[in-house]
Amino acid sequence: MPANLIEYFNKAPRLGVLSTSSNDGRVDTAVFGSPQMVDEKTVIAATADNRTLANLLENPHAMYTIMEPGESITDWKGIRVYMKLKEHATSGELLDMIRTQAANFVGEEGAKLIYAALTFEVYEVRPLVDFGQGWEKSI
């Protein structure tokens, strides 16, 4: 995946939504600001001890959607990033780093709510609105 995908994925500010599903198909969608693409195939994120984490522990597949409004639906920009959870950690260096960085944005109390660090492998990227143009033309 080209560097412009990493740049777009990590652009701030952005609105992003992480969608997950339990083993029995119960879907959850939550606004997430923490995901960062660290290389072409890896995304890291942080979460509280919540439904998103519970779903990921049952079913490791997730989708992160980034949206930017346009004048009409065909003018909206964005991507859908399909991922699979590879690791989660409730302690360790990655979690400590994420909490330290989060404290700068949400304060110490907010950072304490972070329960787990997540590492995903990216396996597909699609445009937000897919007319066969490819994700590269949708960012």
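**Confidence and labels**

Analyst: Mean confidence is highest in helix 2 (residues 51–58), at 97, and lowest in helix 3, at 87. The score is pLDDT, the predictor's confidence in each residue, from 0 to 100. Helices (H or I, at least four residues) and strands (E, at least two) are DSSP runs, numbered from the N terminus. The protein averages a pLDDT of 91, and 99% of the residues score at least 70. This is a predicted model: local features need pLDDT of at least 70, side-chain atom pairs count only at pLDDT 80 or more, and totals for chains, interfaces and linings use all residues. Residues are numbered from 1 along each chain as its sequence is written, and side-chain values use heavy atoms, with hydrogens and water left out.

User: Which residues does Thr 52 touch?

Analyst: Contact means heavy atoms within 4.5 Å. Leaving out residues up to four places away in sequence, Thr 52 touches Leu 18, Thr 20, Asp 28, Ala 30, Phe 32 and Thr 47. With the same exclusion, the contacts of Thr 47 include Phe 32, Thr 52 and Ile 114.

User: What makes a polar contact between the side chains of Thr 47 and Asn 50?

Analyst: A polar contact is a pair of N or O atoms within 3.5 Å; within protein, one must be able to donate a hydrogen and the other to accept it, and residues adjacent in sequence count only if both atoms are side-chain atoms. The Thr 47 and Asn 50 side chains make one at 3.2 Å.

User: How many nonpolar, polar and charged residues line the largest pocket?

Analyst: The lining has 13 nonpolar, six polar and no charged residues. Ala, Val, Leu, Ile, Met, Phe, Trp, Tyr, Cys and Pro count as nonpolar, Asp, Glu, Lys and Arg as charged, and the others, Gly among them, as polar. Helix 3 gives the most to this lining, with seven residues.

User: Which peptide bond is cis?

Analyst: The bond from Ala 12 to Pro 13, with omega near -10°. Pro 13 is in the loop between helix 1 (3–10) and strand 1 (15–21).
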